[in-house]
Amino acid sequence: MLKPLTMSDGHTIPVQGFGVYQIPADQTADAVAHAIEAGYRHIDTAQAYFNEEAVGEGIRKSGRCDQLFLTTKVWLDNYGEDATYESVKTSLEKLGTDYVDLMLLHQPFNDVYGAWRGLERAQKEGLIRSIGVSNFTPSRVHDLGSFNALYPVVNQIEINPFNQQTERVAELQKHGVTVEAWAPFSEGRNGLFDNPVLTEIGKQYDKSVAQVVLRWLYQRDIVGLAKSVHAERIQQNIDIEDFSLIDEDMAAIAKLDTGSSLFFDHEAVETVDFFTDLINQRR
């Protein structure tokens with residue numbers, strides 16, 4: 001296993017995470033069990049994924065409940081101090097655990113301050129070990145941490161070869177925030193798995209494009225969250241210890257950066273509308 005990172009609160013976090021976003025509900029438990037069997041010790045889910053129960057089932061199937069780092073996230077319609085606090089307890093019930101290692105605010109909208117106080121309260125009571133955010137800009141992270149008792153230890157943001165967020169990653173890391181990458185494979189967009197630069201780098205080391213991307217993240221001190229439902233690919237994705245990218249490889253990958261999201265611009269008014277509409281559709 002690769003050496004874990006130490007977060008600003010002193011807890012360690014495995015750098016290789018297994019994400020379960022968009023895994024069909026009837027496949028989630030088996031995928032989680034396969035991931036743990038392959039060597040993953042970091043599982044990432046969220047209230048909005050509607051699969052916390054299946055994740056808990058997969059963990060129990062693996063028999064490794066006490067050896068894992070488990071993350072989940074509070075969804076927007078559970079924001080507000082009391083609502084967030086209660087939603088943490090609901091997530092724990094669904095997951096079948098007494099606590100989670102990391103709880104994040106999933107989006108930077110709605111009552112962020114109240115939700116953060118709810119997480120602080122839950123952490124104080126031992127329901128959460130570490131608290132952080134997702135999809136926040138560095139200034140929003142710094143604002144939240146500067147005017148509350150606890151500073152976010154993690155920010156989970158979109159990072160992939162086409163949206164590398166180099167300056168934001170540097171700013172977050174400068175303030176002691178551990179950075180996690182969601183959609184490291186860009187969900188296959190922009191032809192990532194057939195990209196000639198990534199493919200050629202992979203050939204040099206007899207590695208897949210996915211392995212190259214995950215190693216690239218690791219060498220930037222970024223936690224990578226990989227997803228797959230195929231046991232062979234799950235095993236392949238975690239096997240990135242036996243090679244290192246050289247400076248020329250890192251420079252070649254840097255040139256792939258488009259400087260824009262493949263999914264959401266969290267600073268756009270339209271993104272707020274998207275999430276409010278999504279909440280209303282789900283009610």
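1. Terms first: a nonpolar core is a set of buried Ala, Val, Leu, Ile, Met, Phe, Trp, Tyr and Cys residues joined through side-chain atoms within 4.5 Å. Buried means under 20% relative accessible area, exposed over 50%, partly exposed in between (1.4 Å probe, protein chains only). This is a predicted model, where local features need pLDDT of at least 70 and side-chain atom pairs pLDDT 80 or more, while totals for chains, interfaces and linings use all residues. Residues are numbered from 1 along each chain as its sequence is written, and side-chain values use heavy atoms, leaving out hydrogens and water.

2. The largest nonpolar core has 88 residues, and Phe18, Leu105, Leu119, Ile128 and Ile159 have the most contacts inside it. Helix α8 (residues 209-218) gives the most to this core, seven residues; helices here are DSSP runs of H or I, at least four residues, and strands are runs of E, at least two, numbered from the N terminus.

3. On to the rings: the whole structure has 10 aromatic pairs (centres within 6.5 Å; planes under 30 degrees apart are stacked, over 60 edge-to-face, the rest tilted; for Trp, the six-membered ring counts). Phe109 and Phe275 make a tilted one, at 5.9 Å centre to centre and 40° between the planes. Phe109 sits in the loop between β6 (100-105) and α4 (112-124), and Phe275 in helix α11 (residues 269-282), 166 residues apart.

4. Phe275 also pairs with Phe274, edge-to-face because the planes are at 80°, with centres 5.2 Å apart. Phe275 is buried at 4%, whereas Phe274 is partly exposed at 39% relative accessibility.
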